[in-house]
Amino acid sequence: MHEIELRLLGPVCVWREGRSLGPATAQQRSVLAMLLLGAGRVVPMERLELAVWGQEPPPARARNVIQGAVSHLRRLLIGVPGAKLVTVPPGYRLDVDPMRVDLFLFRDLLRRAGPDDADDLLGQALDLWSGPALADVAGPWLHDTFATALEEERLAAVEERLTIGLRAGRHREVLAELPMLMSEHPLRERPAYLMMAALHQDGRRAAALEVFRDMRELLVEELGIEPGAELRALHQRILQEKPAEPLPAPAPAELPPRPGTFVGRTKEIIQMRDLLGGDETGVVKICQISGIGGVGKSSAALRVAHELAHRFPDGQLYVNLHGSTPRIAPLEPITVLGRFLRSLGVADSDVPADAEEAAGRFRSLVDGKRLLIVLDDARDDAQVRLLLPGSPTCAVLITSRRSLTSFDGALRIPLDVLDVGEGMTLLGDLLGHDRIGIEHDAAADVVRLCGGLPLALRLAAARLYSRATWSVAELADRLATDRRRLDLLESDDLAVRAVFEGSYRDLRDPQAARMFRLLSLIDVDDFGLPVAAALADLPVDRAQDLLDHLVDAQLVQNHAPDRYRLHDLLRLYARERAASEEDETARELAVRRAMQCYVEIARAAIRVLKVHSSWRIDIGPQSLPRPATMPETAEEMRAWVAAEEDNVLALVAQTARSPSAGLAVTLAATFSLPLFEQGRWRKLLALGEHGLRAAERTGDPLYRAFIHGDLGWAQFCLGDTTSALANLRLALDGFRACGHSREGAVLDHIGIAYRSIGRLDDAIEHHLRALRVSRDRRDPWEEGARLSNLGLSYQHAGLYTEAIESHTRAIDLLDEAGADMDRIYVLGNLAMAYRLAGQAEQAVACYRQALRALRDAGQLDDYRAAEFFWCLGLALHECGEPAEARGHWRTSAAILHTLGLITAEERRAINASSLPDMPEVIRRQI
């Protein structure tokens, strides 16, 4: 046996040659304890902070304290052979031979204790304890989280050793030890049972009955419960003066091996451990773990079951119900009940043939016993119901791909995929952390391509083991090919595809299976209910029913109200099914229906947000199907734009080279306006780039002009004026060639671009040309917009009187057109002209009026509000109100940072300055 050099079972320390070498402080001991409890796994910094300071917010210097403790521990561990404390983001990992840690040696001795040497090995195990576990760490958190459970392990070992002594006839020795044990744990029934049995063996019947009476009184008084079935049965035998029966045979211990590698799930493990291992609540304690295939439900269940096994001395029953195993029929309840009854000592011939009768016999047999039952891979509630005990002393742990909802009071634990950090840790555990460290970026790509699915990561690691010449980067490159990814994620009898197949084949509604297939056809991160209904060409109510069915089957995630998504690997599997079961025409029509749905909601957004660009609504096919449900208010529409911006970009990119390219242009041009209004200019640029590829695919010059105009405007907003002017000129040429009225708007945008680079004569010339086009069209909205932009160029040229006149006339025209939002924007332009003309008080009044109008419209979080707050600050500063001015500049900076238009460093500089420089993004606009 190794010398024990790392101790948790008593004072936490490094021990050598009969003495403790430290650590010297409670905080350092807490860090060492946390690293030892998680030996071989990365312990995140947040977990170490929790170990030292508990649930309280850690102090500002917390990380420095942890780093100092780690440095001290590294010096302390130098003499421990094989011990290595390494930094692995997001924390640290202590690699050590488990047999040099007293806790792990203790558990190993218990595991090896067989019939012939149990007494000796249990004695050795208990000799490792030098006091209460984690005796001298900082704060209560480690004690509450771990020490109680460790003490339960010790007590179970003590009780087992005493039981062995009684079986061997050494009742006098047992009687000598039991009084101390009973005084320390007066409510624990097992020591009382052993005391009664030992007294009975010693012929002291009255004393044994007195132990029962005292125990019963205590349980009733303190807990309000009667003694358990085992204690009551012994009491009856003694009352009837029957000879003492042999102590019960060893309880069933059917748990499969503890998972060798396990990462993450910290919060979930604590929740399950607290429920299943806690005090009796008067009802059966049930915990149900759900999640998609391969997410690690069984591993989590077995991890918890092994940790709590000592709390259930009457045994642990386990069964794989095969609820989703491909090509294996789910087990019937009567089959499982037969197994359980035989495990509990019922003869084969005595097992009832009727399921209800067998269930009743099972409940009677386990009544009052402390039994843990693990029901792995349940199909549904019906498969499980008859397998549940009735006694509150029992606990049940269920795993299922479905969320089982009919068991009142059950703790439901939905497992999600691992994040990148956890996935990297799992790969490191499987492949070696040094290897992962060398190819860190490639390993992160593997985690991403496996979607953080633990099974996929294990199969990816197995693939590397079987291909000795492959690097991690080679595996990542191969996984990046969608059509090959599921093929690569196979090893021996395990395959991601087969895991998904079980859930898919189990779908009872053919329309749900079709919905699952069709959802995979669009490359979006998530989707709303209207889009799902459009894909399947179904009413919204029916689509929602099918989505709920898919969510229950763990094939689709309902991650937010009325928002759904597919795991990346499930998307690949669903796309395989679609290619096999849907013809090409059906697949293309489904994608077109989804695009049409987006187009119609984007058109509605333009109307609801009252943005005057009716020409965009006229782009592309008209009379499209109207979604049955869509956002109705301006606030709902802005939320929809924010939720869908990445999805629209992905869908336009996906279809830019397809037969649906014309619809992709329509979607890009329509969605651009609400995207611009919210200041999403980087997204606007990406949308323009994807849209241009689609326009080129159509060969339509008018489509190209639309997209060149949007692309040029996005480039201008982001400061690339040279590229912007090139695209705007291409748009102008295209509109002129097609005789389209959009020519005036593009002339206006060219004028704005010239103004931004100081070519004011060119700017004014282009604005005047744009104004003439608008007046020819007799459109008050267009004329008002052009006049205001002309006014901006006038004020840049120092022609403030002309600027004020242009803005004032623009406001009148926009009032006439009913363009409320555009009127607000021009009011801000007028305020700027007043400020530049030296009329700061009038400027302040105009800016306040504009901001009140934006507040009433619910738009105090977009770019225009940021611009007005900034300029109001300038006007206030000129009025001698520097404190109020700084407040408005900081508000503006916060909005711009949220929109991604300035960096965090720029925001800090603004907040720190009494007179900050105007952000470039605003300077370009005004």
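**Entry 1: cavities**

I looked up the largest cavity, and its volume is about 80 Å³. The model is predicted, so I noted the rules: local features need pLDDT of at least 70, side-chain atom pairs count only at pLDDT 80 or more, and totals for chains, interfaces and linings use all residues. Residues are numbered from 1 along each chain as its sequence is written, and side-chain values use heavy atoms, with hydrogens and water left out.

I wrote down what a cavity is: on a 1 Å grid over the protein atoms alone, a set of points where a 1.4 Å probe fits but cannot get out. Lining residues have an atom within 4 Å of a point. Points are joined across faces, edges and corners, and the volume is the space filled by probe spheres set on them. Searching the whole structure gives 4 cavities of 30 Å³ or more.

Which residues line the largest cavity? I found Gly 323, Ser 324, Asp 377, Ala 378, Arg 379, Arg 401, Arg 402, Ser 503, Asp 506 and Ala 553. This lining divides into 2 nonpolar, 3 polar and 5 charged residues. Here Ala, Val, Leu, Ile, Met, Phe, Trp, Tyr, Cys and Pro count as nonpolar, Asp, Glu, Lys and Arg as charged, and the others, Gly among them, as polar.

**Entry 2: the sheet**

Next I counted elements: the chain has 43 helices and 16 strands. Helices (H or I, at least four residues) and strands (E, at least two) are DSSP runs, numbered from the N terminus.

I traced an open sheet of 5 strands, in the order 8-9-10-7-11, with parallel pairing. Strand 8 (316-320) and strand 11 (411-414) each have a single partner strand, so one side of each has no neighbour in the sheet. On average, neighbouring strands here are turned by 15° against each other, direction ignored. Two strands pair if DSSP finds at least two bridges between them.

I then followed strand 10 (residues 395-400), which pairs with strand 9 (residues 372-378) over 5 bridges. Leu 372 has Ala 395 as its bridge partner, and Leu 375 has Ile 398. Strand 7 is joined to strand 10 by 6 bridges, and there Ile 286 partners Val 396.

Is strand 10 buried or exposed? I found 6 of its 6 residues buried (under 20% relative accessible area, 1.4 Å probe, protein chains only). Ala 395, Leu 397 and Thr 399 point one way, and Val 396, Ile 398 and Ser 400 the other. In a regular strand the side chains alternate between the two faces of the sheet.

Helix 12 (residues 297-308) lies across strands 7, 8, 9 and 10, at about 165° to strand 10. Axes are lines fitted to C-alpha atoms, for helices over the stretch in contact, and angles run from 0 to 180 degrees between N-to-C directions.

**Entry 3: Phe 407**

Where is Phe 407? I found Phe 407 in the loop between strand 10 and strand 11. Phe 407 counts as buried because its relative accessibility is 7%.

I listed its contacts (heavy atoms within 4.5 Å), leaving aside neighbours within four places in sequence. Phe 407 touches Ile 286, Asp 381, Val 384, Arg 385, Leu 388, Ile 398 and Arg 412. Phe 407 and Gln 288 are 119 residues apart along the chain, yet their C-alpha atoms are separated by 9.5 Å.

Notes: 1 Å grid on protein atoms, 1.4 Å probe; cavity = no way out; pocket = protein on both sides within 12 Å on 5 of 7 lines; lining within 4 Å. Buried < 20%, exposed > 50% of the residue type's maximum accessible area, 1.4 Å probe, protein only.
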